[in-house]
Amino acid sequence: MWKWLHPYANPEVSYHFTGKILPWLGALATLFLSIGIIWALAFAPADYQQGDSFRIFYVHVPAASLSMGIYFGMAIAAFTSMVWQFKLADASAAAMAPVGAIFTAIALITGAAWGKPMWGTWWIWDARLTSELILLFLYLGVIALHNAFEDKNLAGKAAGILTLVGVINLPIIKYSVEWWNTLHQGSTVSKLGKPSMSIDMLWPFVFCFIGFALLVATIICIRFRSEILTRNSIRPWVRTLVSEHLSKHIAQEKNNAI
Amino acid sequence: MSIANLSYRAVFSLVLKRDLTIAMRHKDDIINPLLFFVIVVTLFPLGIGPEAQTLSRIAPGIIWVAALLSTLLSLDRLFKSDHDDGSLEQMLLSPHPVFILVLAKIVAHWLITGLPLILIAPLLAVLLHLNEQSYGALMLTLLLGTPVLSLLGAIGVGLTVGIKKGGVLLSLLVLPLYIPVLIFATSAIDTAALGLPYSGQLAIIAALFIGSLTLAPFAVGAALKVSTN
């Protein structure tokens with residue numbers, strides 16, 4: 001059933017496959033993000049209570065959800081690598097960690113910028129904010145552990161264990177609103193049957209969300225490819241790839257000179 | 001009876017006895033984290049001011065944060081010396097499950113560092129004017145919470161034991177994992193100060209304890225296998 005997946009365990013196949021989908025991902029991300037951001041910032045109606053400052057929502061919420069989503073993806077990669085000894089999964093987890101950390105930081109910073117006009121303070125020790133901060137620490141721990149090992153294979157294994165331990169944090173973030181129910185407003189988007197958001201506010205959000213998700217996928221794809229190249233730098237296929245690239249470059253230089 | 005056919009219980013008590021004997025021969029390892037705990041707690045009144053009311057308000061937080069830090073400081077000795085002299089590798093090579101060996105080492109660590117900390121905590125609570133109703137909660141949260149600190153900390157030590165300068169990295173890895181324990185423990189003590197029931201928070205800490213008791217040794221075993229390679 002899963003046999004079609006097997007060829008992608010080969011770094012070379014994976015490298016060329018991601019190379020093929022990368023331009024599509026990039027183009028779609030640009031398309032969705034430009035539609036979503038322009039719609040959200042210029043045309044969506046202002047909130048009756050929060051005015052125009054609610055528009056930061058269109059960046060804040062996708063960043064916050066993606067920060068958790070990337071961690072979850074990292075945990076799946078770590079689990080895959082641990083159970084099936086699938087080394088490329090480690091490379092993908094290593095590619096995801098810094099992206100996730102940046103998106104967590106974006107969620108925290110935009111949240112602070114939103115909190116200042118709405119709650120009158122940059123920071124409160126609310127459960128959701130705190131667990132987002134803990135998530136940032138977990139990301140930084142995983143990155144630090146990655147950097148501490150010389151051997152990339154060992155680093156991947158160690159960081160994988162840490163990721164799986166830290167994934168316990170994710171449900172705590174998700175359910176903290178219900179558990180503690182403090183200053184942070186409840187979720188507005190995920191109520192499936194009856195969203196508490198007006199439809200003309202929701203559509204730009206959908207575009208923004210998909211756009212940011214595609215942006216994350218694009219960045220991870222680029223980082224994943226460079227991880228593959230650094231980890232396999234002694235393999236013949238990487239060497240031929242580099243020498244082909246170099247000879248092309250030199251030929252171009254010559255043409256330019258003429 | 002050869003070592004290979006020992007029962008799980010015999011292996012557990014063997015490792016436990018060994019670690020306790022080693023600790024008894026290096027009493028500094030027991031006393032220094034405890035001294036650190038006492039000194040950190042005494043620094044807070046000096047920094048914040050001697051008003052009894054302020055101190056009693058923040059006493060649970062101070063005691064628990066100091067407990068976290070002193071546990072962190074003592075974690076290093078859990079696997080470090082065994083890793084350096086090679087006995088850790090011998091243990092991992094033995095036919096007994098890593099789970100049992102690791103659990104015995106963690107229990108020994110808790111008996112050496114967690115238990116003295118619990119015993120000395122009420123004394124420090126007196127210095128900080130802790131609310132009289134909170135002593136029971138303080139002891140119970142420490143009793144259920146410090147084993148969690150040892151268990152989760154062991155994962156961090158397992159991951160960093162092979163790294164040369166693992167100490168700072170260890171705190172970065174382990175402290176975020178300690179946060180839930182800290183939150184619920186101090187919340188239980190604060191609730192007790194108001195005379196309200198705190199069994200809810202205690203139940204969550206107990207759940208964290210049971211959860212980490214069953215899962216952490218597996219993670220530690222995996223981490224040690226990575227570290228010793």
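Leaving aside neighbours within four places in sequence, with which residues is Met201(A) in contact? They are Ala44(A) and Pro45(A), where contact requires C-beta atoms, placed from the backbone, to lie within 7 Å. This is a predicted model, in which local features need pLDDT of at least 70 and side-chain atom pairs count only at pLDDT 80 or more, whereas totals for chains, interfaces and linings use all residues. Residues are numbered from 1 along each chain as its sequence is written, and chains are lettered from A and ligands numbered from 1 in the order in which they are written.

Met201(A) belongs to helix H7 (residues 199-231) of chain A; helices are DSSP runs (H or I, at least four residues) numbered from the N terminus. Met201(A) is buried because it has 20 C-beta neighbours inside 10 Å, the criterion being 20 or more other C-beta atoms within 10 Å of its own.

The two chains meet through 15 residues from chain A and 15 residues from chain B. On the side of chain A that touches chain B, helix H4 (127-148) and helix H5 (152-166) of chain A each give two or more residues, and H4(A) supplies the largest share, eight residues. By class, this side has 13 nonpolar, one polar and one charged residues; Ala, Val, Leu, Ile, Met, Phe, Trp, Tyr, Cys and Pro count as nonpolar, Asp, Glu, Lys and Arg as charged, and the others, Gly among them, as polar.

Within chain B, helix H7 (residues 135-160) packs with helix H8 (residues 166-193) at an angle of about 165°, with axes 9 Å apart; axes are lines fitted to C-alpha atoms over the stretch in contact, and angles run from 0 to 180 degrees between N-to-C directions. H7(B) is therefore roughly antiparallel to H8(B), a term for angles over 145 degrees.

How values were computed
A residue is buried if 20 or more other C-beta atoms lie within 10 Å of its own, exposed if 12 or fewer, and partly exposed in between; C-beta atoms are placed from the backbone. Angles under 35 degrees count as roughly parallel, over 145 as roughly antiparallel, 65 to 115 as roughly perpendicular and the rest as oblique.
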